[in-house]
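Subject: Structure handover

Hello,

The structure you asked about is below. My notes on it follow.

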Amino acid sequence: MSETRRRRPAPPQPKASRAVLRISSRNYSSWSLRGWLILRLSGLPFDTELVSPDDPATRAELLLQSSSILLPCLLHDGAELWDTLAIAEYLNELRPEAGLLPAERLARARCRSICGEMHAGFHALRSSLPMNLRAHVPGFTVWSAARADLERIFSLWRGCLERWGGPWLFGDRPCLADAMYAPVVLRCRSYDVALDEACEGFAHTVLGWPEVQEWIAAARQEPEARITELEFDAEF
């Protein structure tokens, strides 16, 4: 066999499909924001597909009238993932170098714990202070159940900031926990919720996050969907 014989070219490898993230309204959907921030943190290239808030299923989700939350939904290489924590775990396995979870073991465990609490809890906050980036309600009255949710969240923030030094919840760079709690910061601004010094510092960090600024700008350009139950045109 001739030493100069050329090697056969390697067969072409199939290209990985580009990820698609289906979201609902940027103005109203806190879960869509979480999923979008998590994807941006992962560095995985993706396209965003907006499902109209006029779609009955989407509208039911936004009004907390649906038994399941199916948006955001990540489509990638045959995977279809509609649970936000499942999306985060998938992306963490796919791109561990992105640091979606903290590197240190105890920090990673705490991160998973507070993300799970956000994912499963705080129902009074969700129903009493729904996300609405177009809203600003000075002097809004936060009733006791929602106030208890907020106090628990602020306690989590203060504990993380004290333990890991800030300015993000787990140190000097954003991670999954910051994406999960960013919508709470936006709710606090919409409903004029007063924050102590530590929590105000974290809120300032989140509001300065370029990805959050990008989301807010896109929300303001989004065609307005009239969902009266979330508009708060009347005082109550």
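The axes of helix 1 (residues 30–42) and helix 3 (residues 84–94) come within 10 Å of each other and cross at roughly 5°. Axes are lines fitted to C-alpha atoms, for helices over the stretch in contact, with angles from 0 to 180 degrees between N-to-C directions. Helix 1 and helix 3 are therefore roughly parallel (angles under 35 degrees). In contact (heavy atoms within 4.5 Å), Trp31, Arg34, Gly35, Ile38, Leu39 and Ser42 of helix 1 meet Thr84, Ala88 and Leu91 of helix 3.

This is a predicted model: local features need pLDDT of at least 70, side-chain atom pairs count only at pLDDT 80 or more, and totals for chains, interfaces and linings use all residues. Residues are numbered from 1 along each chain as its sequence is written, and side-chain values use heavy atoms, leaving out hydrogens and water.

Helices (H or I, at least four residues) and strands (E, at least two) are DSSP runs, numbered from the N terminus. An open sheet of mixed pairing has 4 strands in the order 2-1-3-4; two strands pair if DSSP finds at least two bridges between them. Its edge strands, strand 2 (46–50) and strand 4 (79–81), each pair on one side only. Neighbouring strands of this sheet are turned by 15° against each other on average, direction ignored. Strand 1 (residues 19–23) and strand 2 run parallel and are joined by 5 bridges, and Leu21 stands opposite Thr48 in strand 2.

Regards

Methods. Angles under 35 degrees count as roughly parallel, over 145 as roughly antiparallel, 65 to 115 as roughly perpendicular and the rest as oblique.
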